[in-house]
Amino acid sequence: MLVHEVDGLRFVALAGDEAREYAGDLMRLRIENFAEYPYLYQGCVEDEEKYFETYFASKNFRVLVVFDGERVCGMCTFIPLRDEAEYMKAPFVKQGLRVEDYLYIGEAILEKEYRGKGLFPHFFDYALGLLKEFGLPRMSVMTIRTEADSPYRPEGYLSTDSLLVKYGFKKIEGIVVKLSYRSVVSGVDEPHVLDFWER
C-alpha cells in the first residue's frame, strides 16, 4: 500500500508475503547501515535471516519500504512487542511493564544519499497510524550506548538519542539489553549495551 510519495520517492507499507519478497533488500540495508558508526556491526546474511524470521512470523509485522524508482533505498520495521524475541521482552517484564502495550520500531534506515532530507518523520507518522490500527498506547525503540570520545565517531555525528527526544520519546530507565556481536573494526565479538525509549 502506497503511504507517501515525496520528491519522487515512494513509501510503501508491506506485510506478510509481500514483505518477504523484499527480504534480500531489507537484509542488505541492515548490514550496510549497521556497519557504520555507532553500531560497527559485521553482519551476515545467515544472522539476518534468523533476525527477520521473528518478524515474518508475526501477522502484525509491517515494514515501510522507501523506493527510488524500483530501487529500495530505505526502510522502517514495526512489530507489536509481544511478538518480538524473548530477550527483547524480558527487560520489560522484569520492570513490571506490559509488553502488550507497545509497538516496537525495529530500525529506521535510509541510504546515505537520502539522509538529511526530512524523510525520517514519515516513518514516525506511519508508526502513529499503527498505534491506532493495533489499539496500542505506546511505541518503543532501542538505541546503542556510545562514548563521546570514540575514535570512530564521525565529525558532526548527530546521535539517535537527540532525534528521539525531538519526536517526544523518553528513555525508559532500568531497561537495557546486553548484546555481543562481531565488530567491523576488531573482527571479534564485543559486548554492547542498548537502551529502550518510549513514546
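Where is Asp-7 found? Select Asp-7 in your viewer to start the tour: this residue sits in the loop between strand S1 (2-6) and strand S2 (9-14). Keep in mind as you look around that this is a predicted model.

**Stop 1: Asp-7.** Although Asp-7 is not a glycine, its phi is positive, at about 50 degrees. Most residues other than glycine have a negative phi. Colour the residue by accessibility and you will find Asp-7 exposed, with a relative accessible area of 75%.

**Stop 2: helices H2 and H3.** Next, select residues 23-34 for helix H2 and residues 45-56 for helix H3. The two pack at an angle of about 120 degrees, and their axes are 10 Å apart. Angles from 65 to 115 degrees would count as roughly perpendicular and those over 145 as roughly antiparallel; H2 and H3 are therefore oblique to each other. Their crossing is right-handed.

Now show the side chains where they touch. From H2, pick Ala-23, Leu-26, Met-27, Arg-30 and Ile-31; these meet Val-45, Glu-48, Glu-49, Tyr-51, Phe-52 and Phe-56 of H3. Sorted by class, this contact holds eight nonpolar and three charged residues, with no polar ones.

**Stop 3: the loop between H2 and H3.** Stay here and select Pro-38, which is found in the loop between H2 and H3. The peptide bond leading from Tyr-37 to Pro-38 is cis, with omega near 10 degrees. For background, most peptide bonds are trans.

Leu-40 has its place in the loop between H2 and H3 too. Leu-40 is not a glycine, yet its phi is positive, at about 55 degrees. Is Leu-40 buried or exposed? With a relative accessibility of 16%, Leu-40 counts as buried, the cut-off being under 20%.

**Stop 4: helix H4.** Move on to residues 86-94, helix H4, and highlight Met-88, Lys-89, Pro-91 and Phe-92, which are buried. Turn the view to look down the axis of H4: the buried residues fall within an arc of 155 degrees, so they line one face of the helix. They pack against strand S5 (102-110), strand S6 (138-144), strand S7 (170-182) and strand S8 (189-198). On the other side of H4, look for Glu-86, Val-93 and Lys-94, which are exposed. Just after H4, click on Gly-96, whose phi is positive, at about 80 degrees.

**Stop 5: Leu-163.** Finally, select Leu-163 in helix H6 (residues 160-166). Leu-163 is partly exposed, with a relative accessible area of 24%.

Methods
Residues numbered from 1 in each chain as written. Predicted model: local features only at pLDDT ≥ 70, side-chain atom pairs only at ≥ 80, totals over all residues. Heavy atoms only, no water. Axes fitted to C-alpha atoms, helices over the stretch in contact; angles between N-to-C directions. Helix = DSSP H or I, 4+ residues; strand = E, 2+ residues; numbered from the N terminus. Parallel < 35°, antiparallel > 145°, perpendicular 65-115°, else oblique. Left-handed = near helix turned anticlockwise from the far one by under 90°. Contact = heavy atoms within 4.5 Å. Nonpolar A, V, L, I, M, F, W, Y, C, P; charged D, E, K, R; others polar. Buried < 20%, exposed > 50% of the residue type's maximum accessible area, 1.4 Å probe, protein only. Arc of directions from axis to C-beta.
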